[in-house]
Structures are given as structure tokens and as C-alpha cells.
Amino acid sequence: MKPCVLIVTVTCRFLQLDIPSRLKGPRNDLSAHKERRDPDLNVPNLRRRIMDMALLRRSGWCESMCARAALARYGLLGSSPRRAPRASPAPSPSPAPVARDDPVRAARALLRSLPIPSAEFAYGRTRVFVRSPRTVWELEALRAARVEALVAAAQRAWREHRARRRARAQAVIARAWRQHRRLAAREDGGAAGGDAPAQAAGRIWRAWCTWARRRYLARLWRRLPARHMSPACAAWPACGSPVLLGRTDSMLRRLHHAWRCRIYRAAFDQTARNRMREKVTASVLFKERKLNYGRSVAHPFVGDYVRLRASAAWRRGLGAAGDRYVVFADVVGKVARSTGRVARCLCVVSTGALLLLEARSLRLKRRVPAHAVWRLSLSPFADDLLVVHVRACGGLESSTEELSQCSSRDTTDAPGCLFGGEGAWRRRGDVVVRTCHVLELATKLFLVVQNAVGLPPHVNIATEFEANFGQQLVTLSFHAVGGAEGGGTRLLRRGSRMDVLV
């Protein structure tokens with residue numbers, strides 16, 4: 001770096017001006033990997049820092065520190081060890097500077113209150129400059145003395161507190177004993193003489209139990225877990241007297257857990273409640289029944305993985321036709337029922353139907369109403385296959401809804417009509433899809449059908465079940481072989497059977 005560039009840079013810094021971008025050296029990328037750093041970029045940066053430090057020393061300053069760092073280290077020098085009692089409240093001429101709002105101003109006020117000449121310091125926009133090393137040593141000596149005084153004050157306060165607590169305990173025991181002596185003196189000497197030690201021991205025991213209960217409650221209040229922690233957190237302070245307070249500690253722990261659960265539920269909005277409802281439903285359906293359920297617990301249910309709600313083509317097309325609210329949207333693999341091959345398509349679950357679209361053009365390939373889904377079938381293994389069993393539409397309401405999706409010029413059982421009558425539904429059969437979010441898709445479809453119909457669909461988890469592939473019933477059989485191609489799932493169609501190798 002040229003000398004003229006260094007002179008202009010240091011002058012701009014002392015005058016609190018913006019340094020021109022051409023005079024700044026290349027900044028070292030500290031976040032990059034150490035093997036990717038370029039030595040040709042580090043040498044000018046290091047040279048600029050060394051020259052800046054040399055110019056700082058040549059100008060008569062030995063140290064520069066951030067104002068916030070100076071306040072964090074020497075801030076304890078500003079408060080006195082003992083506060084003097086206030087005689088009368090007097091209005092303050094100017095409020096004390098706050099370190100968060102103006103750290104340089106707060107650092108100036110702190111250093112001016114110390115027995116060090118003010119000429120030893122200079123202040124910039126964000127930094128504090130120290131003239132001589134002796135000033136730094138004096139600051140460290142003052143800080144060490146202050147820390148020692150604070151430690152001594154804390155120890156003295158603890159000793160006084162312990163002495164007061166012991167004196168109160170002794171006073172309670174002595175008062176109970178004197179009261180017992182007075183009561184014993186009123187009675188006959190011979191009759192009360194044998195029971196006096198037992199009565200005294202009972203009174204002392206009751207007094208100690210009262211003191212132990214008070215100490216337990218006071219310590220429990222100070223050591224309770226934070227409110228913001230999850231209700232699943234099992235942190236709880238240990239009970240000092242389990243024989244005396246064991247049942248009380250268990251009851252308070254249950255009450256505190258119920259209170260934290262209520263606070264946790266009250267903090268949820270409607271969206272968070274829906275997500276928790278989906279997670280709870282997935283736990284009821286697949287816990288200890290599906291092998292890959294444990295991996296899906298920590299994964300949140302996103303729903304719209306392709307941001308279909310923000311698509312203008314969706315809002316103009318099917319979104320405006322009635323399936324406006326998207327519950328689930330992701331690119332899945334649709335299994336061909338004849339060969340077992342997988343074709344990519346967009347699976348969308350709305351509040352009223354299951355839709356299969358082309359991934360690019362969003363052209364509708366099939367729409368299955370929610371009331372037509374009557375069962376969901378999965379395997380207990382860690383595969384990604386879901387079979388949606390579709391009921392054959394024989395009723396008037398179902399036929400009318402599906403005919404409204406078709407053109408009025410086409411016949412009911414036309415070959416090109418996607419939503420024909422009862423025969424068309426039986427030709428198309430059930431839907432078989434593959435997706436990495438299989439548990440989320442099954443859970444959301446389960447809730448959509450339950451909300452639309454009023455009754456939930458049956459969830460079948462078995463290694464072998466039947467599916468309607470048009471005009472033929474095919475048996476799907478799952479085999480855990482562990483040697484499928486690519487470590488995934490392989491489908492083989494053989495007549496009326498389809499073997500799934502996991």
C-alpha cells in the first residue's frame with residue numbers, strides 16, 4: 001500500500017469521515033475454508049493492519065479498544081460499593097447515558113469519574129484511545145481492587161445471612177423449650193416428670209418440620225424451571241427431605257407440569273394448533289406401527305413444499321374452481337398399475353379432494369373427491385409407498401359432482417372423460433404414489449377426509465393387502481429384503497400380484 005494512501009486513510013479515521021472504497025485493502029473472507037484462502041489477498045490486508053498500528057503508535061497512542069468492550073470490562077468501576085442513604089429526592093440535571101444507546105458517551109462518563117487524567121483518553125465514533133501503557137496498568141489495578149472489594153462484600157453478606165438464620169433457628173427452639181417448661185411446671189412433678197423428654201422431643205420435631213417445609217418452599221420457588229422451556233423437559237429441583245416432603249414434592253411436580261402444559265398450549269395460535277393436531281394424529285396412526293415414524297417426529301409438517309399457493313397459474317386455474325386452500329403439495333411418483341413404473345407428477349391435497357397434476361403445466365390428470373376415499377394402506381416397513389383406496393361412485397351426489405368437472409358435450413362414459421360415471425371410476429381404480437413425505441401425506445389426507453365426511457378413513461398397515469387396479473384386483477405384497485437397487489424400493493408386477501421389495 002502506498003504511503004499517500006495510508007496517510008489519507010488514517011486522516012479520514014481521525015476526522016470521523018468515510019474512507020473511500022478505493023483506499024481500503026481487500027478484506028479477508030474469514031468464513032471461507034482455510035485451504036481456499038488466497039495468500040495474495042492476505043498479504044495486503046496484514047500489511048494495512050500493521051501499518052495502521054504503527055501509525056497509531058507514532059501518533060502517541062498505545063491502545064485502542066471498542067467502547068462496548070471497555071464498558072464490559074471496566075463498568076464495575078463506576079458503581080460505589082455502598083450506597084449512601086438519600087436525604088431528599090433532588091431532580092437530576094441530565095440523565096446518565098445508557099451503554100446500549102450511546103456506548104462512547106457512557107465510556108467517557110465512566111473514565112472521567114476515575115482518578116486518571118482525562119488527557120490520557122481520546123474518543124472516536126465507536127472506539128476509545130489510550131495514550132500510555134501506564135494508564136492501562138492503572139485501569140487493571142483499579143479493576144482488580146474493585147473485584148476484591150466486591151468479593152469481600154459478598155462473603156460478608158453471606159456470613160451475616162448465615163448467622164441470622166442460625167440465630168432465628170436457635171430462638172425458635174429455645175422459645176419452644178421454654179414454653180414446654182412452663183406447661184410442665186403447672187402440672188404435677190411426678191406425673192409429668194417421665195413424659196417431659198418425650199414431649200420436648202415432639203415439640204422440637206414439629207418445630208424442625210415447620211422450618212424444613214418453609215425452607216423447601218423457598219428453595220423450590222428459586223429453583224423452578226423456566227416457563228419458556230418445553231413441557232417435555234423433566235428438570236426438577238431435588239427434594240432435601242424425601243421422607244418428610246416426598247409426597248408433597250410429587251404432587252407439586254405434577255401440578256407444575258400441568259400448569260406449564262396449559263401455558264404452552266395457550267401460547268399457540270390457530271396455525272400452530274393445526275400443526276400440533278397433525279403431529280398428534282400421526283403419532284396415533286403410525287407410532288409403533290410404521291418403521292420410519294421415529295425419523296419423521298423431528299421433521300415439521302410443511303405442507304406446501306413447492307409453494308403452490310404463490311403460483312399465479314394455480315390461482316387462475318384449479319385454485320379458482322374450488323380447491324383454493326392447499327393442505328399438501330409436493331412432487332411425487334405415481335406408480336403405473338400395469339408395469340409398476342414410476343412417473344413424476346404433482347400431488348395436491350385440498351380441503352375437498354386429492355388432485356394429481358402435471359408438474360410443469362399444472363394440467364389436471366385426476367381428481368379424487370374426499371368422500372370417495374375410504375381407506376389408506378401402507379406397509380410396516382420403512383418404505384415410501386401409499387395406496388389410496390377409492391370408492392366406486394354409484395350415488396347421485398358423487399356422479400353430479402364429477403360430471404360438473406367434464407364438458408357438457410362429452411358423454412358420461414367417453415374414453416377421454418376423466419370424471420365419468422360409475423364405470424369410469426372402476427376402470428381407474430385406486431391411487432398408488434411414492435413420496436418421501438409419505439406419513440405427512442397420509443396424515444393430512446386422513447384429516448381432510450374426516451373433516452369433509454365426518455368419519456375418518458380406515459388406515460390399514462399390513463405386509464399384504466389388495467388394491468383395485470381398474471377391472472382387476474391386485475395383491476400388493478411387501479418383502480423386507482434389504483438388497484433393492486440403490487437402497488430404495490423396487491416394484492415388480494406379475495399378473496395379479498405386485499411385489500414390493502424394500
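This is a predicted model: local features need pLDDT of at least 70, side-chain atom pairs count only at pLDDT 80 or more; totals for chains, interfaces and linings use all residues.
## The three-stranded sheet

Start with the strands. Three of them form an open sheet, in the order β1-β3-β2, and their pairing is antiparallel. The edges belong to β1 (63-66) and β2 (121-123), each of which pairs on one side only. From one strand to the next, the twist averages 25°.

Now look at one pair in detail. Strand β3 (residues 127-130) and β1 are joined by four bridges, in the antiparallel sense.

Two helices come next. Helix α3 (residues 67-74) packs on the sheet and touches β1 and β3. The direction of α3 makes about 90° with that of β1.

Helix α4 (residues 103-112) lies across β2 and β3. Its direction runs at about 165° to β2.

## The cavity

Where is empty space left inside a protein? Rolling a probe the size of a water molecule over the atoms shows this. In this model, a search of the whole structure finds one cavity of 30 Å³ or more. The largest cavity holds about 60 Å³ of space.

Which residues line the largest cavity? They are Met-65, Ala-70, Tyr-74, Ala-107, Leu-110, Leu-111, Phe-121, Val-128, Val-130 and Leu-139. Elements α3, α4 and β3 each give two or more residues to this lining. The largest share, three residues, comes from α4. By class, the lining has ten nonpolar residues, no polar ones and no charged ones.

## The second largest pocket

Next comes an open space. The second largest pocket has a volume of about 560 Å³. Its lining is made up of 16 residues. Nearest the centre of this pocket lie Arg-165, Arg-168, Ala-169, Trp-211 and Arg-215.

Which elements give two or more residues to this lining? They are α5 (133-186) and α7 (196-222). Helix α7 gives the largest share, ten residues. The lining divides into eight nonpolar, two polar and six charged residues.

## A buried histidine

Find His-256 in helix α8 (residues 242-266). Is His-256 buried or exposed? Its relative accessible area is 12%, so His-256 counts as buried. The cut-off for buried is under 20%.

What does His-256 touch, leaving aside its neighbours within four places in sequence? His-256 is in contact with Leu-224, Pro-225 and Trp-236.

## An exposed arginine

Arg-360 sits in the loop between β6 (353-357) and β7 (364-369). Its relative accessibility is 85%, so Arg-360 counts as exposed. Here the cut-off is over 50%.

Compare sequence and space for one pair of residues. Arg-360 and Cys-345 are 15 residues apart in sequence. In space, C-alpha to C-alpha, Arg-360 and Cys-345 are 8.8 Å apart.

## Putting it together

How values were computed: Residues are numbered from 1 along each chain as its sequence is written. Side-chain values use heavy atoms; hydrogens and water are left out. Two strands pair if DSSP finds at least two bridges between them. Axes are lines fitted to C-alpha atoms, for helices over the stretch in contact, and angles run from 0 to 180 degrees between N-to-C directions. Contact means heavy atoms within 4.5 Å. On a 1 Å grid over the protein atoms alone, a cavity is a set of points where a 1.4 Å probe fits but cannot get out, and a pocket is an open set with protein on both sides within 12 Å along at least five of seven lines; lining residues have an atom within 4 Å of a point. Grid points are joined across faces, edges and corners, and a volume is the space filled by probe spheres set on the points. Ala, Val, Leu, Ile, Met, Phe, Trp, Tyr, Cys and Pro count as nonpolar, Asp, Glu, Lys and Arg as charged, and the others, Gly among them, as polar. Buried means under 20% relative accessible area, exposed over 50%, partly exposed in between (1.4 Å probe, protein chains only).
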